Structure formats: structure tokens, C-alpha cells
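Have the structure open while you read.

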Amino acid sequence: MDKQPSEVAAMFDAVAAKYDLTNDVLSLGQDRRWRKAVAAAVAAGPGQRVLDLAAGTGTSSLPFAEAGAFTVPCDFSQGMLREGKRRVPWLPFTAGDATRLPFRDGVFDAVTISFGLRNVHRPEAALREMLRVTRPGGRLVVCEFSHPTWAPLRTAYTEYLMRALPSVARAVSSNPEAYVYLAESIRAWPDQPGLARWLQEAGWSKVAWRNLSGGIVTLHRGFRPDPD
């Protein structure tokens, strides 16, 4: 299941054209609800600077820009960036590795990453790098697949991931093999307290989380501490 960053980038390059459509189908439309929850948690406003990591084609970035924030969609997949620039040419799409971001210290009021931290080669290093580029008092919002809290849902969800998801992906995706990898990465991902510990160890304060869809997805939030 473990892949090198270049392999993951190539995988996302291959699915860029149909990525948003495939996600909508595979999530049964729930991805739109999850994006609204992220937008509410980030609470972007006029004059603020928002960094949207793993932004893909920029679908996740639009709510922040439409709220008046200067929004930078950043991704390591050149294929995703090209597709995003074709669709939304006015957004400042930027190529970047989440573990080595091309931004100065303390530039952003908010940093967010949706369904992308799981695909970073060193997620703990990425969380520290996100802290570096966030201003003191600024916030982080991580939206990621997690572990359903109700046992029957957890069993059904695992069955869907390993059996139904690859079958559906073969029908709608330009690279169905990629979704086999994604299903395995979801199953291997830490649970809610485990990811919260990663945020705390990276230096984020006031860490909390909120489950969506019964814990299939979880919003984690943290703040960069003010200097003493």
C-alpha cells in the first residue's frame, strides 16, 4: 500500500479529468455536504489569506474565495493543477509538497486540507509545515476519512471500501486502480484520537474534532499558539 510521493502524484495526474465526478459518485453525493462543513469550519472572510492544500482541481477552494478571502490552491499533482487552471483560471494554483511548502513563515490566517493528508508521505512533517506557514492565532482545519463510531456502520463501511468502491470506480474513473490504493489507505489511517495526537505533537493547540456521517469523515481543528 505504501507508495513514494512521485507514484502518488502520477496516480492523481491520471485521475484528474474525472476526479470530482468520481468522488461525487463514490460518496453518494456526501462530498458536497462535507465541503460545506469544511467551509463553515474554516470561516474564511474578506481580507484573510487561506491556503488550501491538496486542492486538486480547486473545487474545495472556491467557497473560501467566494467568501472574499485570498485563497491559494496548492497541490503536488501537476495534472490536477492543469485541470484546475483550465476550469478556474483566476485562482492562483500553486505546485507544492505539503512537507516543504513554498511559502514564508506565518503568511496564512487559515490552512486547510481535505482528503489529502492521508496521501502525504510524511503526514506528521506536513502538520509541522502547516504550522510554520500559519500566523500566530491562525487555524488549521483537516477533513479526512476516519473510523465510524458505530460498529455496524464500521463493518458495512469497511465492506464497501474493499468490495464495492473498486467496482464502482472501474465504471466511472479514468484510473480505477488508484481507488484500490485509496481504499486501502483509508482503512490503514489513524482513528480520531490518533490524528488528534499528531496535531498536538506538531505544535497545534486547542485541538478538537467533529464526526461527519457517523465518523466516516472527521473534521479536526487546531490553532497556532500565540507567542508568549
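This is a predicted model: local features need pLDDT of at least 70, side-chain atom pairs count only at pLDDT 80 or more; totals for chains, interfaces and linings use all residues.

Buried means under 20% relative accessible area, exposed means over 50%, and partly exposed is anything in between. Keep that in mind for Glu144: at 1% relative accessibility, Glu144 counts as buried.

Arg118 sits in the loop between S4 and H6 while Glu144 belongs to strand S5, so the pair ties together parts that are 26 residues apart in sequence. Arg118 is buried too, with a relative accessible area of 8%.

The structure holds eight salt bridges, including these:

| Salt bridge | Closest N and O atoms |
|---|---|
| Asp31 and Arg35 | 3.2 Å |
| Arg135 and Asp109 | 2.6 Å |

Take Arg135 and Asp109 next. Arg135 is in strand S5 and Asp109 in strand S4, so this bridge connects parts that are 26 residues apart in sequence. Arg135 is partly exposed at 28% relative accessibility, whereas Asp109, at 14%, counts as buried.

Asp31 is buried, at 8% relative accessible area, and Arg35 is partly exposed at 27%. Elsewhere, Glu83, Arg86 and Arg87 are linked in a salt-bridge network.

Now for the sheet. Seven strands make an open sheet with mixed pairing, in the order S3-S2-S1-S4-S5-S7-S6. Strand S3 (94-95) and strand S6 (205-212) are at the edges with a single partner strand each, so one side of each has no neighbour in the sheet. S4 and S5 run parallel and pair over six bridges; Ala110 has Arg139 in S5 as its bridge partner. Helix H3 (residues 30-42) packs on the sheet, touching S1, S4, S5, S6 and strand S7 (217-223), and its direction makes about 165 degrees with that of S5.

Finally, the cores. The largest nonpolar core has 28 residues, and Leu51, Leu117, Leu127, Met130 and Trp204 have the most contacts inside it. Among the elements giving it two or more residues are strand S1 (49-53), helix H6 (123-133) and helix H9 (192-202). Another core, of 22 residues, lies apart from it and includes Ala37, Val38, Val50 and Leu219. Leaving out residues up to four places away in sequence, Leu127 touches Leu117, Leu140, Val142, Trp198, Leu199, Ala202 and Trp204.

Conventions: Residues are numbered from 1 along each chain as its sequence is written. Side-chain values use heavy atoms; hydrogens and water are left out. A nonpolar core is a set of buried Ala, Val, Leu, Ile, Met, Phe, Trp, Tyr and Cys residues joined through side-chain atoms within 4.5 Å. Buried means under 20% relative accessible area, exposed over 50%, partly exposed in between (1.4 Å probe, protein chains only). Helices (H or I, at least four residues) and strands (E, at least two) are DSSP runs, numbered from the N terminus. Contact means heavy atoms within 4.5 Å. Two strands pair if DSSP finds at least two bridges between them. Axes are lines fitted to C-alpha atoms, for helices over the stretch in contact, and angles run from 0 to 180 degrees between N-to-C directions. A salt bridge is a side-chain nitrogen of Lys or Arg within 4 Å of a carboxyl oxygen of Asp or Glu.
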